[in-house]
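This report looks at how parts of a protein model are arranged, moving from one residue to its surroundings and then to a whole chain. Please keep the sequence and the structure in view while reading.

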Amino acid sequence: MNINTLMLKNLIKRPLRTGVLVLTAALMTAAMFGGQAAAKSMRNGLDSLEQRLGADIIALPEEAQAKTDLENILLQGTPGYFYMNKQVADRIAAIDGVEKLSAQYFLVSANAECCTTKVQIIGFDEESDFTVKPWLKNTYSGRLGDNEILIGSELSTKVGSTLSLYGVECKTVGKLEETGTGLDTAVYATNETVQGLIKASQEKGIAVLSKHDPEEVISSVYIKVKDGFDINDVLSEINQTIDGVQAVRTKSMITGTADKLTVFSKGIGIVTIAACIISAVIMTAVFSALAGGRRREFAVLRTVGFSRKRLSSLVLSESFTVCLAGALLGLFLAGVAVFPFGRVIEKSTGLPYLSPDIGAAAGYAAFAAVAVILTGALSSAWAAYRLSHADTGSILREGD
Amino acid sequence: MTLTAKSITKNYKTRRRQVSVIYDGDITAKSGELTVISGRSGSGKTTLLSILGGLTKPSGGSVFYDENDIYSMSDDKLSRYRNAEIGFVPQGQGALSALTVFENLILPASLSGSKAKDRAEKLLERLGLSQLRDAYPRELSGGELRRLSVARALINSPSVIFADEPTNDLDDENSELVLQLLKEQAQGGAAVVIVSHEQAALKYADVTYRMDSGRLQREEK
């Protein structure tokens with residue numbers, strides 16, 4: 001018998017005790033890794049959204065619901081639409097301090113027409129666009145023709161295939177990078193294509209735009225402010241001089257989300273700390289109870305020649321093995337729960353969600369695993385000390 | 001090998017008082033001799049055996065194995081010494097529950113990395129445990145566990161053997177078997193020290209001591 005297998009035999013022959021410890025370590029690892037990964041994913045999503053919006057100001061119709069609708073489109077992926085007169089864009093362009101702007105056009109696909117649920121259709125002007133095409137995943141340098149579309153990363157449609165929108169076959173020519181936001185489920189086309197779709201909807205009697213002439217409206221205007229100009233000044237100018245429009249700072253679109261994220265992150269932090277403390281207490285209690293229950297066994301090991309150092313290393317190696325197994329299990333469970341269900345988490349929390357890259361995820365995993373193993377080592381250190389320094393003769397006499 | 005213990009004392013502190021277990025005990029055990037220490041329960045025999053075996057540090061006095069003062073050794077050195085030179089049969093159950101009978105038996109040899117398969121098989125055969133080679137301790141009776149402890153103490157062919165009530169839980173036949181085996185170890189050159197309150201052990205003794213309330217006295221045969 002290899003003496004180094006004694007540790008494994010001890011663990012295998014006490015499945016209940018080992019199982020409890022492995023599960024405790026797994027719980028702690030899952031809480032730490034899952035919590036960190038989820039919080040980072042939300043932070044990534046928010047950063048991505050901020051970058052993706054790419055504008056300093058967004059101008060929307062004045063009605064109060066428009067801002068909420070846009071937030072829902074961006075954050076929840078809930079399709080929506082609202083419209084204002086397209087001359088608004090020209091008037092904004094004339095305001096001092098506006099470097100560039102691009103109008104967009106929102107439309108919603110008919111239910112279950114192309115996809116399992118309604119999708120957001122966003123029309124954009126290729127000439128002035130600075131918020132959609134920079135995020136094309138596949139190299140697509142051409143111009144979008146009629147009935148050609150770009151799609152968000154979440155849509156399963158492949159580049160080259162077609163989507164039927166209001167009975168119009170639209171060819172997918174490119175896919176955008178993942179943002180972790182509602183924009184990932186949207187379809188993008190030129191304003192002309194979107195106007196064609198609206199007409200098609202009217203012919204089908206769906207008439208999503210019955211009150212407006214599609215060629216006379218837009219949904220939003222993305223505005224970039226020139227360097228040297230105060231964004232708030234430009235924003236005030238737009239709000240004061242253009243009727244029927246509310247201009248909002250892009251950052252303010254996500255302020256509520258950022259606040260929510262802060263609260264959520266704190267919640268995750270508290271849960272993580274609580275899970276760590278509970279796990280450490282459980283591990284310490286179990287190792288301590290084990291120390292009491294194994295006194296005689298360890299005294300016998302002393303009689304056959306185990307040194308204190310070897311006894312301590314036996315206890316610590318058991319703890320290390322248990323915690324390593326727990327850490328691997330916890331990482332697996334957290335990985336299974338956090339990464340594939342990002343969209344579900346996004347929906348349930350209302351926060352944008354973009355998983356960290358492999359390097360960052362590996363860093364969180366390593367941190368959680370090391371923390372759990374160290375906790376196990378500290379929890380068992382006292383037991384190891386007590387067992388190895390107990391008076392062997394006294395223990396052998398106990399109960400006899 | 002000559003084991004010499006001089007002026008051994010052992011005191012324990014409890015919350016309320018200090019208890020003296022051994023008063024100024026002297027004992028010598030030599031190679032080729034089987035020494036029996038008898039006495040009533042609680043007289044301090046087991047504590048003395050633990051001190052002689054390097055398991056409990058005495059409050060006073062010294063224990064020499066030839067010229068080596070074992071309590072001046074580091075824990076690592078004493079542990080290696082114990083593994084190589086000392087066989088110890090503790091009182092009561094002494095098997096590791098996670099190991100089979102065979103694995104328990106060869107544990108001291110596994111620790112030192114020595115090969116002991118043949119000797120282990122012989123000891124199992126001699127002590128009537130061959131059929132239980134792959135059984136776990138929970139499957140064994142008290143007597144079988146006792147014999148396993150004896151076998152394990154002998155696996156490394158130690159030069160000093162301590163046995164604390166080795167015939168407890170054994171029927172007459174197995175008591176004779178164990179005592180005869182220990183006697184053979186002494187005849188083979190080991191110094192054997194047995195603690196027992198049973199008369200059966202005395203007939204195998206070359207030297208006898210009596211322990212009464214912590215006071216050790218050599219008895220003339």
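Which residues does B:I37 touch, not counting residues up to four places away in sequence? In this predicted model, B:I37 touches B:I27, B:K45, B:L48, B:V193, B:I194, B:V195, B:S196, B:Y209, B:M211 and B:L216, once residues up to four places away in sequence are set aside. The largest nonpolar core has 77 residues, and B:I37, B:V63, B:Y65 and B:F162 are those that touch the most other members. The largest share of this core, nine residues, is contributed by helix 11 (residues 358-389) of chain A. As a general background, nonpolar side chains in soluble globular proteins tend to be buried together.

**The sheet of chain B**

Chain B holds an open sheet of six strands in the order 6-7-8-3-9-10, and the pairing in this sheet is mixed. Strand 6 (86-89) and strand 10 (215-219) of chain B are at the edges and have a single partner strand each, so one side of each is left without a neighbour in the sheet. On average, neighbouring strands of this sheet are turned by 15° against each other, with direction ignored. Two of the strand pairs are set out below.

| Strand pair in chain B | Sense | Bridges | Residues standing opposite |
|---|---|---|---|
| Strand 3 and strand 8 | parallel | four | B:I37 and B:V195 |
| Strand 6 and strand 7 | parallel | four | B:V89 and B:A163 |

In strand 6 of chain B, B:I86 and B:F88 point one way, whereas B:G87 and B:V89 point the other way, and all are buried.

The buried residues in helix 2 of chain B are B:D75, B:L78, B:S79, B:Y81, B:R82 and B:N83. Their cover includes helix 8 (295-303) and helix 9 (308-338) of chain A, together with strand 4 (60-65), strand 5 (68-69), strand 6 and helix 4 (107-112) of chain B.

**Chain A**

Chain A has twelve helices and eleven strands. Its radius of gyration is 30 Å, well over the 21 Å that the globule rule gives for 400 residues, so chain A is more spread out than a compact globule. The C-alpha trace of chain A spans about 100 × 45 × 35 Å along its principal axes. Of the 400 residues of chain A, 53% count as buried. Among the contacts in chain A with a separation of 6 or more, 77% are between residues 24 or more positions apart.

One residue of this chain can be followed in detail. Leaving aside its neighbours within four places in sequence, A:T272 is in contact with A:A31, A:M32 and A:G35. A polar atom of the side chain of A:T272 lies 3.5 Å from the backbone oxygen of A:A31.

Methods. Residues numbered from 1 in each chain as written. Chains lettered and ligands numbered in written order. Predicted model: local features only at pLDDT ≥ 70, side-chain atom pairs only at ≥ 80, totals over all residues. Heavy atoms only, no water. Pairing = 2+ DSSP bridges. Helix = DSSP H or I, 4+ residues; strand = E, 2+ residues; numbered from the N terminus. Axes fitted to C-alpha atoms, helices over the stretch in contact; angles between N-to-C directions. Buried < 20%, exposed > 50% of the residue type's maximum accessible area, 1.4 Å probe, protein only. Contact = heavy atoms within 4.5 Å. Core = buried A, V, L, I, M, F, W, Y, C linked by side-chain atoms within 4.5 Å. Polar contact = N/O pair within 3.5 Å; in protein donor to acceptor, adjacent residues only side chain to side chain. Rg over C-alpha atoms; globule rule 2.2 N^0.38 Å.
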